Structure formats: structure tokens, C-alpha cells
Amino acid sequence: MLSKSQISLLKSLHHKKFRSGHGAFLVEGYKSVNEFINSAYHIEVIYHTPAIDPKLLNLSRKMNFNEISLNDLEKISTLKTPQDIIAMVKIPEQPVLDESELKGKFSLVLDGIQDPGNMGTIIRTADWFGIQHIICSDNTVDIYNPKVVQATMGSLAHLNVYYTDLETFLPEIKLPIFGALLNGENIYQTNFGTEGLLVMGNEGNGIRLEIIKLIQHSVAIPGAGKAESLNVGIATAIFCSEISRNSHK
């Protein structure tokens, strides 16, 4: 049984201010928890109902388990239908972004992504296509937001995410910078080469003008219908797929 103070602490992690203050976030669901167990993240506590047998988890190290009631799980979960297991995970220090790690590959740059679902989809997509680094503007949604973590389905445990001032960062990087823009070159006729940065913009406003000025290659996904634009998560998937296809020619 969880104490009132424990419940209060875990519920507070639903909010960014308290995640930052406590240096921890929540991961829910069997698959997602399993991915974090086998990552470099430090798991502080794993809470589970009697429906979950810890022995069935793919444990690569000793873990701190705490069996709780379904009622207590419902109190600390962010989901309408809790999934019997929640991990409290330590937020690591942001890794130092070394330009040498970006060479010879593609990385994503996100300018002002706000929707947690979109952010989670982008992280999961990047993981699928083997993209190891995502660089975010300071106003991009927090990757430890519960909705982001849930949408990544564990992929957050597999890659590096950085937050920085893009206006300072981009001019310092000696790599091709591609940007997703409506008036760019047709994506299916673009030679992406073997390395670079791909900039994706805010859901409503796109890439900021000051960042557009730093983009060297504007690229667009041609449309045939009447939709004004594509969802940024879907657009990112199309770009990642095309970049992957080009690299395997």
C-alpha cells in the first residue's frame, strides 16, 4: 500500500515543474518499462499490481519492486485504463552534444513541436529508422511528459535528445541542413547524401523565420489533394523513410 506522501510525489510527476524538481519521471506499461529496464536509464522504483510477475520482466540488473493494489495504481497513473506497472525513472543529465557524433549520419532538429503525441510519434519513428540524435529548440515539449513517454512505446530509451538554442547551435554545425518547407524541392528528387540535419517545425506555424534563414536545402513533400498540410509526425516519417531509402541505394 502506498502512503499519502508517496501518492502525492508520484502524482506530482505528471507535471513538468515537479519532474524537474524531483529529477524523475514515470513510465507506464509492460513493454515500455521493459525497454527502460534494459537501457542506460536508472530505474528508481517499479510499482506493479499482483497481475504482474516481476520474474517475467527481462531483467539485466537488480531492480527495486513494490507491489501495490490496483486502486493505488489508478491514483498515480496518467492513463484512464492503467496497465498494471509503472516505473519511476531518474531523469539523466542532458548529454553533451558532440558534433563528431552527428557526422556520417542524419539527425532530427525539432523547432517548437508542442503536441506530446506528435513528439512521441517522432521519437518512435526516429528509433525505427535508426536515428540516434534529436536536437530540440528550448520551447519544444518536454520529452518526459507522460503523454510523450507513452507515445514513444519505449523508444525514448534508445536515443539521445538534446535541448538547445537552435539559432546558436545550427551555424556552428558543419553539416548539410535540410528543412521541411512547403515551397522546397520535391523530396523524391532530392539528393540527401549520407549525412545532415533535418529540421521539422511547429504544428501550426512551421519553422521559425530565423531558423529558416539557417537552412541550406528546403525540401517539400508534394501533395495531390486539398489538405493544407501534413501532420508533423507523419511528415517526419516520410522524410525519415526517404532519407533511409537514399542511404541504401
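Which residues does Q150 touch, not counting residues up to four places away in sequence? They are E28, L79 and Q83, where contact means heavy atoms within 4.5 Å. Q150 sits in helix α6 (residues 146–152). Q150 counts as buried because its relative accessibility is 19%. Buried means under 20% relative accessible area, exposed over 50%, and partly exposed in between (1.4 Å probe, protein chains only). Helices (H or I, at least four residues) and strands (E, at least two) are DSSP runs, numbered from the N terminus.

This is a predicted model: local features need pLDDT of at least 70, side-chain atom pairs count only at pLDDT 80 or more, and totals for chains, interfaces and linings use all residues. Residues are numbered from 1 along each chain as its sequence is written, and side-chain values use heavy atoms, leaving out hydrogens and water.

Turn to helix α3 (residues 30–37). Its buried residues are S32, V33, N34, F36 and I37. They pack against β1 (24–28), β2 (43–48) and β4 (85–90). E35 is partly exposed at 24%, and K31 is partly exposed at 43%.

A salt bridge is a side-chain nitrogen of Lys or Arg within 4 Å of a carboxyl oxygen of Asp or Glu. By this rule there are 7. One of them joins R208 and D111 at 2.7 Å, N to O. R208 lies in the loop between β9 (196–201) and α8 (209–212) and D111 in strand β5 (residues 106–111), so the pair ties together parts 97 residues apart in sequence. Shared partners join D111, R208 and E210 into one salt-bridge network.
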